[in-house]
Amino acid sequence: VPLILLGLGNVGRALLSRIRAGRAHHRKRYGLEFAIEAVSDSSGAVRLGNRPPANDELDAILRHKEAGRSLAEAREFEGPIELEELVRQLCRPGCIVVDCTASCETVWILREALARGGSIVLANKKPLTQEQEIYAELTAWPGRCRWETTVASNLPVISVLNRIVATGDEVHRIMGTVSGTLGFVMFGLQEGRNFSELVREAFESGATEPDPREDLGGMDVARKALILARGLGWQLELSNVQVQGLIPSSCREISVDTFLGSAESLDEQYQNLVEAALARGATLRYVVTIEDASCRVGVEEVALQSPLGRLKGNDNLVQIHSSIFSPTPLILQGRGSGVEATASGILSDILELVLASARSSLVRSRI
Ligand SMILES: NC(=O)c1ccc[n+]([C@@H]2O[C@H](COP(=O)([O-])OP(=O)(O)OC[C@H]3O[C@@H](n4cnc5c(N)ncnc54)[C@H](OP(=O)(O)O)[C@@H]3O)[C@@H](O)[C@H]2O)c1
């Protein structure tokens, strides 16, 4: 299975390691092997050849990136090559482009991959939260596009929603928490910890976006909400999502370091809010609500004994209320964010594409 991997940050590297570790299993169980033909970072791309690269070669790339170096500096591989050129050379039916960047610049690569008959897997939310037409274009071929990890890491929310929507069952409401990072912050507040301390810990452990204000300002969750709403067939833009952030907008005007250093000024405010909620038998969660043609994200008080109130740590939970799932909603709950969980979800997406394509080839050959 030819793969082109865009992005070798935390998630991209974890995916490479997972592919490497799962080689024997995939060969034995499915008779397949991944040929990682090219990898890229923000400095360019390198080509690895159209055979499964040796473990040594993958290890060398991982070591190179873990040392904080760019692919443009990697002398031992063929490259750097312009990504545009590389995609034209390599993309063909059966080839899968995996987007593990956090950039909207990959849209044209994903389009090009589809135009050349390839498939795409996204962990990156940004291409799917550009204008509605781009979302429609990228997701037009369900058998050639998967984006499961964009919303709740490895929790299969998109697959389940697609199944429900496909039957014509009407979804009235989606509600839940879809950010492991904000789940960690909100649960930590409930346990009496300081807001600033929780934010720093999430940032230093790599759980936040490279700029933690993307998470804390609510934009990361707003993108997830938009992807969910678009999955229901709603036509809307990111600007239509109502966003209530955890930090004031003035925090966006300073550097990340200055922001982290000044976050203590918010500690007392959050301590008071949480204490007041606990006194009412409630707690705070950062919640996505999609209902009545509106989509909003923000802090909400929920009963301690409700499914959202009982969440712990960075766990995610999504409730889907539909005509069939009524009065009891369908609930998906599990471990929230995490690089390893996300890499595993991306690999599941890749395998689903490959196995679905193999099944349809088999059916065609029998006809
Ligand atoms: N972390 C999680 O738990 C999690 C969960 C679900 C989804 N995601 C999503 O997964 C994506 C990756 O997250 P991450 O934590 O791995 O981010 P990251 O560590 O910042 O890595 C991003 C990678 O993308 C590369 N890149 C940036 N612009 C590029 C471009 N135009 N072309 C090619 N490569 C480019 C970067 O290059 P350099 O190495 O040169 O900087 C880097 O290797 C994000 O979209 C994130 O929202 C993450």
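Reader: On what basis are residues numbered and features reported here?

Author: Residues are numbered from 1 along each chain as its sequence is written, and side-chain values use heavy atoms, with hydrogens and water left out. Because the model is predicted, local features need pLDDT of at least 70 and side-chain atom pairs count only at pLDDT 80 or more, while totals for chains, interfaces and linings use all residues.

Reader: What is the order of the strands in the open sheet?

Author: Helices (H or I, at least four residues) and strands (E, at least two) are DSSP runs, numbered from the N terminus. Two strands pair if DSSP finds at least two bridges between them. The open sheet has six strands with mixed pairing, in the order 9-11-10-8-12-13.

Reader: Which strands form the edges of this sheet?

Author: An edge strand pairs on one side only. This applies to strand 9 (242–243) and strand 13 (330–334).

Reader: How many bridges join strand 10 to strand 11?

Author: Strands of a sheet pair through backbone hydrogen bonds, either parallel or antiparallel. Strand 10 and strand 11 run antiparallel and form a hairpin with two residues between the strands. In that hairpin D292 takes a positive phi near 45°. V287 has G298 of strand 11 as its bridge partner, and the number of bridges joining the two strands is 10.

Reader: What is the bridge partner of R173 in strand 10?

Author: Strand 8 and strand 10 pair in the antiparallel sense over four bridges. The partner of R173 in strand 10 is E291.

Reader: How many residues of strand 10 are buried?

Author: In a regular strand the side chains alternate between the two faces of the sheet. Buried means under 20% relative accessible area, exposed over 50%, and partly exposed in between, with a 1.4 Å probe and protein chains only. Both faces of strand 10 are covered, with A282, L284, Y286, V288 and I290 buried on one side and T283, R285, V287, T289 and E291 on the other. Strand 10 is therefore largely enclosed by the rest of the structure, its buried residues numbering 10 of the 10.

Reader: At about what angle does helix 14 run to strand 10?

Author: Axes are lines fitted to C-alpha atoms, for helices over the stretch in contact (heavy atoms within 4.5 Å), and angles run from 0 to 180 degrees between N-to-C directions. Helix 14 (residues 267–279) lies across strand 10 (282–291) and strand 11, and its angle to strand 10 is about 90°.

Reader: Why is helix 9 described as largely enclosed?

Author: The buried residues of helix 9 (residues 180–190) include L182, V185, M186 and F187. Helix 9 is largely enclosed by the rest of the structure because its buried residues are 10 of the 11.

Reader: How many disulfides are there?

Author: A disulfide is a pair of cysteine sulfur atoms within 2.5 Å. For C91 the nearest cysteine sulfur, that of C95, is 4.3 Å away. For C145 the nearest, that of C91, is 13 Å away. By this rule the count is zero.

Reader: Is C145 buried or exposed?

Author: The relative accessibility of C145 is 2%. C145 therefore counts as buried.
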